[in-house]
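I opened this entry to note what I looked up about helix contacts and pockets in a predicted model. The structure goes in first, and my notes follow.

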Amino acid sequence: MLSMQKKFFNLPIAGRMIFLIIVSFSTNVQLISAQITLNITAPGTHKLDQHIYLAGNFNNWNPMDSNYLLLSNEEGLFRVTFTPPHGKLEFKFTKGSWNEVETQANGEDVSNRVLTYDGGPQTHFLTIEGWKDELTSIQNKKSTSASNVLIMREDFFMPQLNRNRKIWIYLPPDYETTQKHYPVLYMHDGQNLFDQSLAFSGEWEVDESLNEVFQNGDSGVIVIGIENGDTHRIDEYTPWQHPKYGGGNGHNYVNFIVKTLKPYIDKVYRTKPDRVNTGIMGSSLGGLISFYAAMKHQDVFGKAGVLSPSFWYSDEVYDWAEREGKVYDMQFYFLGGEMESKTLIDEINAMVTVLKMAGFEQDEIKMVTRSDGKHNEQFWRGEFKDCYLWLFG
């Protein structure tokens, strides 16, 4: 190393410049080559001018990220080249929304594709067998939702966001035969809660789980499932902006729930409208917005299921939570899987510490970690019942 330095400084200035240019060029070539290239064969019905996007754990599962748009060539292949972070990559292909995600040839859902990136150049050839929107009618899927699950409104207006949204409602098995009033749980990503035929990556089976615990003596709960806005999901589920992913409209989404949707539900259905009987729950970005809603509106929500929360989205969440402080007694249920990300468990632990500093007691907080927990609907489906029973049981 020293001899190399001596040779460098013995060179004339022009020679040093040429040397540095060569080294810089060589380094850049290595950086450029250290990428993943995916070559995709699409279904025969797919046209070359139809867009295909890559969505994964490296771009916040954005189904229409222009930075991960595949380009087509004359041979009919679609291709994308990108440099992801090192480690385990999970991803799927879409046509721009989760209603247009890839499927198996028979229309069944596909598991997340998995690759491991170690920093070196990789090339892969993959095949998309079908698209959800194209094969649903062919497969003639039947709804898996229970008879006590209804689509409350196809186009419930959201004045705070100036758009409409489909709203689902789960009613307890004895709702029609009694005059009882029930607690209410508000949940996000309504497409994934009740019906396998509509879920983009498997359903939570919320209705089956709640019907089971009802048969075992639970008094029942009303669940309001708010479908996500697809391309609006990131914007609506994040209270703060991210330098890469944008967002930051979560306060308006939460205001929709608090000021428009909840008053409607309490007026039309037999609810227990007080904060002690009102909860909110979600996963990933849905976990983030559930936590935000519960802290911001402690006068409205007394319970929060915060599953695999995306606290990484903005560090502001910690200082903000400390400033909000404790206003009312609360119940926070945190869930994290050790196979989700390297930082998730630490992020939840950090938030638990903040909440205790803000005045919340240990018995108001439950944190559950699973060594085999992955960031997917299967994990949240398996943990939903325990979360619900701790919050409402």
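**Entry 1: α4 and α10.** I began with the residues that join these two helices, and found that Val206, Ser209, Leu210, Glu212 and Val213 in α4 meet Phe384, Lys385, Tyr388 and Leu389 in α10. Sorting the residues of this contact by class, I counted 6 nonpolar, 1 polar and 2 charged. I then turned to the geometry, where the axes of α4 (residues 206–215) and α10 come within 10 Å and cross at roughly 50 degrees. For the handedness I wrote down a right-handed crossing of α4 past α10.

**Entry 2: α7 and α8.** At what angle do the axes of helix α7 and helix α8 cross? For α7 (residues 285–296) and α8 (residues 316–324) I noted roughly 20 degrees, with the axes coming within 10 Å. Because angles under 35 degrees count as roughly parallel, I recorded α7 and α8 as roughly parallel to each other. The crossing of α7 past α8 is left-handed. On the α7 side I listed Leu288, Phe291, Tyr292, Met295 and Lys296 as making the contact, and on the α8 side Val317, Trp320, Ala321 and Glu324. By class, the residues in this contact of α7 with α8 come to 7 nonpolar, no polar and 2 charged.

**Entry 3: the largest pocket.** I next looked up the largest pocket, for which I have a volume of about 770 Å³. Its lining holds 30 residues, and those that lie nearest the centre are Asn57, Lys88, Glu340, Ser341 and Lys342. Which element gives the largest share of this lining? I found that β5 does, with 4 residues, while β5 (87–94) and α9 (344–357) each supply at least two. The class count for the lining of the largest pocket is 11 nonpolar, 12 polar and 7 charged residues.

**Entry 4: the second largest pocket.** For the second largest pocket I noted a volume of about 300 Å³. It is lined by 15 residues, of which Ser111, Asn112, Ser201, Asn376 and Gln378 are the closest to its centre. Here β5 gives the most to the lining, with 3 residues, and both β5 and α10 (377–392) supply at least two each. I divided the lining of the second largest pocket into 2 nonpolar, 7 polar and 6 charged residues.

**Entry 5: cross-reference.** Reading back, I marked β5 as a contributor to the lining of the largest pocket and to that of the second largest pocket.

Technical notes:
Residues are numbered from 1 along each chain as its sequence is written. This is a predicted model: local features need pLDDT of at least 70, side-chain atom pairs count only at pLDDT 80 or more; totals for chains, interfaces and linings use all residues. Side-chain values use heavy atoms; hydrogens and water are left out. On a 1 Å grid over the protein atoms alone, a cavity is a set of points where a 1.4 Å probe fits but cannot get out, and a pocket is an open set with protein on both sides within 12 Å along at least five of seven lines; lining residues have an atom within 4 Å of a point. Grid points are joined across faces, edges and corners, and a volume is the space filled by probe spheres set on the points. Ala, Val, Leu, Ile, Met, Phe, Trp, Tyr, Cys and Pro count as nonpolar, Asp, Glu, Lys and Arg as charged, and the others, Gly among them, as polar. Axes are lines fitted to C-alpha atoms, for helices over the stretch in contact, and angles run from 0 to 180 degrees between N-to-C directions. A crossing is left-handed if the near helix is turned anticlockwise from the far one by less than a right angle, and right-handed if clockwise. Contact means heavy atoms within 4.5 Å. Angles under 35 degrees count as roughly parallel, over 145 as roughly antiparallel, 65 to 115 as roughly perpendicular and the rest as oblique.
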